[in-house]
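I open the notebook on this model.

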Amino acid sequence: MKVSRCSAAVVTGRCPLQDTPTRRYLNDMTAAAPETFESALRARAQAMADACTRCGKCVEACPTTEAAGLTPEERANPVEVISGIVDLVRQGQESNSRANDAARKWASGCLLSGECIKACDYGVNPRFLLYMARIAMAHAKDAPAEQRRAGVNGFRLVARDVSHLSQIQLDDALLARLGQGPNRPARDPNAKPDFVFYTGCNVLKTPHIALLALDIMDALGVTYEVMGGPTHCCGIVHMRAGDVAASGRLAENTIDKLSQSRTGQVLSWCPSCQVQFTETTLPTVEKLRGTRPFEMTPFTLFVHKHLERLRPLLRRPVPMRIALHRHPGVRGVVEAAQDILRAVPGVELVDLRQPAVGLQSNNLRVLPEFRKQLQLAELDAAQAAAVDALVAVYHSDHRELCAHERERPFRIMNLYEIVGMSMGLHRDDHYKRLKIMQDADAILADCRDLVQKHGLDAATTRLAVQAMLDEQPAPLRESRNV
Ligand code: SF4
Ligand code: SF4
């Protein structure tokens, strides 16, 4: 067949329609757009929504639908609730008028307990679907510029508090041990440690916990490189605000840094980082790049896996009645923590028979009254059971609970303090010591030397200290006049 050529194209060397709006539209429609983090995440969410059969079992299994505000009628109709979630994920902003109110309440009140994941027989991750529904809701609520602003402001607050609260507790040498500050060691490009220990950001506010984790790895003879802090952001703050593109850029940057160790194994401290990376970011980057950059394991599951190596190091008896503050969001961590505590000679583990929900304490902030009542009930139960210590696994639990030691007849401790006591390892818990003062002036006076040494701005340090004091979901008795 003879194809005649357009004379204009022959003369000018270019198609006269090339730059018309119609041509550009057709080009946009037909060109294979390079996949971005956003488009890859959207595609994963759509595929997950498509795989959902809307059986409703995840809604039935969720321990907090009532606390999230679903009425008895709404809870009696789980199929409708999950259908609203699937609509939100599929149609995003357009579904706003269609997705049911119950679905929005459920998504907004999700504490990331993960019971829904266990309930699904179809390999769907309802927790991920709810996250994507929340992002669709954030997109509907705010314009992109506002999403960006909220993400940046939220990140600045985290960075301010992490940086100042860690510096008022640690000297340069200990900051460097946690991969922070001017003296942090330069990376040895030839080193091949067993693991990267990824602190995330917020554990640096309670640095004694992260330092004990490193001490325990040293005792186990495990080699590691420490990475974390605001320069290694998981992107969760931006994503919650709806700024998926910024979140993807930050997370990809951090993934590239964590991949540099060439170990392929990352130990995570923080459960929020664990869920953000393993359920949202890593599978999306894997879809983009075709390979999974590394595997990520929660630190407590790592310790549990090496319990037989740890056991001979647990030499000193720790004669304490201990209750474990539990959050089940990362599967296996509660059971692992119980096994680790039982391995410590002298420990008597007491079951307070309190509900265990959520990923960690600060994930319960979406239901503040529920969180407050849970914490007060647990503190009262611990007192009634005459425990020596209420012991938590995660850093945000410690931050929210530790000031109660001021007025309760038991200690608030971290799991690895107990393990450390048995191993002869100790790190001072300056965070609790300072927070128990309940007085910003007294705290700043106590930390004056380190504030000067690190050249911190006094006014900004005060803001970070005040934020520490304000993080008190269950008020102390003295402020409740009890
Ligand atoms: S996510 Fe799973 S459990 Fe929930 S409705 Fe869909 S298929 Fe059923
Ligand atoms: S993660 Fe937890 S709170 Fe969220 S939907 Fe699943 S079970 Fe409910």
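I looked up Ala323 and found Leu390 as its bridge partner in S7. This is a predicted model, where local features need pLDDT of at least 70, side-chain atom pairs count only at pLDDT 80 or more, and totals for chains, interfaces and linings use all residues. Residues are numbered from 1 along each chain as its sequence is written, with chains lettered from A and ligands numbered from 1 in the order in which they are written.

Strand S5 (residues 321-325) and S7 run parallel, joined by 4 bridges. I took strands as DSSP runs of E, at least two residues, and helices as runs of H or I, at least four, numbered from the N terminus. Strands pair if DSSP finds at least two bridges between them. S7 also pairs with strand S8 (residues 411-414), parallel, over 4 bridges. There Val391 stands opposite Met413.

Next I checked the faces of S7 (residues 389-392). Ala389 and Val391 are buried on one side, Leu390 and Ala392 on the other. Buried means 20 or more other C-beta atoms within 10 Å of the residue's own, C-beta atoms being placed from the backbone.

Then I turned to ligand 1. I found 13 residues around ligand 1, with Cys52, Cys55, Cys58, Cys120 and Val124 the closest. The criterion is a C-beta atom, placed from the backbone, within 6 Å.

Last, the domains. The assignment, automatic or from a database, gives domain 1 (37-141) and domain 2 (144-305). Their centres, taken over C-alpha atoms, are 28 Å apart. I noted 13 residues of domain 1 in contact with 15 of domain 2, contact being C-beta atoms, placed from the backbone, within 7 Å.

Conventions: A residue is buried if 20 or more other C-beta atoms lie within 10 Å of its own, exposed if 12 or fewer, and partly exposed in between; C-beta atoms are placed from the backbone. Two residues are in contact if their C-beta atoms, placed from the backbone, lie within 7 Å.
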